[in-house]
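Colleague: I have a few questions about this model. Please keep the answers plain.

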Amino acid sequence: MDLLLARGHRVIAIDNFITGSVDNIAHLAGNQSFKFIQQDVTEFVFLQEPVNYVWHFASPASPIDYAELPIQTLKVGSLGTHKALGLAKHKGARFLLASTSEVYGDPLVHPQPETYWGNVNPIGPRGCYDEAKRFAEAMTVAYAREHGMETRIVRIFNTYGPRMRLNDGRVVPTFLGQALKDQPITVFGDGKQTRSFCYCSDLIEGIYRLMMGPRPGPVNIGNPHELTMLEFARTIIRLTGSRSRIVFKPLPQDDPQQRRPDITRARRWLKWTPQVELAEGLKRTIAYFRARI
């Protein structure tokens with residue numbers, strides 16, 4: 001929203017705060033170009049104003065959230081996507097779906113290109129999120145084919161930055177919260193599973209370019225710099241100056257062993273590459289969390 005407003009757009013945001021927080025938009029109070037509606041997107045969405053772009057980001061997005069809210073997660077991926085597409089169709093607006101690297105499941109191809117169909121367990125503990133996003137992609141493409149709508153699909157890889165919840169359940173806030181409190185940092189399995197982390201400003205720029213560009217996607221947006229969870233835990237301890245030690249816990253079921261985006265399409269189609277190095281992005285994120293602990 002901040003980027004859209006800074007580039008001259010008027011923004012109407014819709015959220016039911018099931019996982020979000022009003023604190024994240026408090027700084028926009030009084031902005032004449034911003035309007036907020038508290039509503040569940042799975043319900044009928046009516047707006048009197050003209051709409052040029054619909055950005056559908058609604059969904060619980062951390063393992064803790066969708067473990068506690070599996071039905072809501074499935075509903076927002078299905079009914080919520082249906083309602084958001086219906087709004088875009090009614091308004092003649094371009095539509096963007098925020099999908100996820102989780103559509104690749106525990107991948108058998110590495111790194112993951114957009115042409116890879118994935119390795120997903122539909123009845124596993126992550127299935128409610130993975131399949132909700134896969135269904136959302138299918139519905140988005142169906143609307144584009146049947147109704148001639150302009151649609152975009154972005155597949156978001158691990159992203160981090162300020163304004164994340166400390167109890168979010170994803171690895172960056174979890175490790176930072178533990179490190180800043182000098183608590184043991186919990187690494188699952190042997191810590192050799194890999195992830196790649198993209199700073200939020202880089203992600204937002206990539207998504208904006210996709211929406212404003214001519215290609216429907218899907219397009220991976222993420223940072224291809226890959227490291228193990230054990231390496232990442234050690235990096236967090238070093239950057240925070242923490243006295244935390246690393247402890248190991250059993251690996252959760254269906255936890256992906258590798259995660260790294262192939263960003264060839266993003267480079268070619270969007271002229272996009274991530275700009276913020278991991279150490280710099282973590283320093284900014286650490287400052288945010290340190291002020292709140």
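**Cysteines, helices and a sheet**

Colleague: How many disulfides does the count come to?

Modeller: The count is zero disulfides, a disulfide being a pair of cysteine sulfur atoms within 2.5 Å. The model is predicted, so local features need pLDDT of at least 70 and side-chain atom pairs pLDDT 80 or more, while totals for chains, interfaces and linings use all residues. Residues are numbered from 1 along each chain as its sequence is written, and side-chain values use heavy atoms, without hydrogens and water.

Colleague: Is Cys198 buried or exposed?

Modeller: Cys198 is buried, with 0% relative accessibility. Buried means under 20% relative accessible area, exposed over 50%, and partly exposed in between (1.4 Å probe, protein chains only). Cys200 is partly exposed, at 21%.

Colleague: New topic. What is the span of helix 9?

Modeller: Helix 9 covers residues 278-290 and has 13 residues. From first C-alpha to last it reaches 18 Å, close to the 18 Å expected at 1.5 Å a residue; the expected span is 1.5 Å times one less than the number of residues. Helices (H or I, at least four residues) and strands (E, at least two) are DSSP runs, numbered from the N terminus.

Colleague: Which residues of helix 9 are buried?

Modeller: Leu278, Gly281, Leu282, Thr285, Ile286, Tyr288 and Phe289 are the buried ones in helix 9. Down the axis of helix 9 they fall within an arc of 160 degrees, so they line one face of the helix. The arc is taken from the directions from the helix axis to the C-beta atoms.

Colleague: And what do the buried residues of helix 9 pack against?

Modeller: They pack against strand 6 (159-160), helix 5 (171-180), strand 9 (198-199), strand 11 (226-228) and helix 7 (229-240). Contact means heavy atoms within 4.5 Å.

Colleague: How many residues of helix 5 are buried?

Modeller: Nine of the 10 residues in helix 5 are buried, so by the cut-off above this helix is mostly covered. Among them are Val171, Pro173, Phe175 and Leu180. The buried residues of helix 5 pack against strand 6, strand 7 (185-188), helix 7 and helix 9.

Colleague: What comes just after helix 5?

Modeller: Asp182, with a positive phi of about 55 degrees, although Asp182 is not a glycine. Most residues other than glycine have a negative phi. Asp182 sits in the loop between helix 5 and strand 7 and is partly exposed, with a relative accessible area of 31%.

Colleague: Now the sheet. What is the order of its four strands?

Modeller: The order is 3-4-5-10, in an open sheet with parallel pairing. Two strands pair if DSSP finds at least two bridges between them. Strand 3 (53-56) and strand 10 (219-221) are at the edges, each with a single partner strand, so one side of each has no neighbour in the sheet.

Colleague: How many bridges join strand 5 and strand 10?

Modeller: Strand 5 (residues 151-156) pairs with strand 10 over three bridges, in the parallel sense. Val154 has Val219, in strand 10, as its bridge partner.

Colleague: Last one. Where is Pro218?

Modeller: Pro218 is in the loop between helix 6 (200-212) and strand 10. The peptide bond from Gly217 to Pro218 is cis, with omega near 5 degrees.
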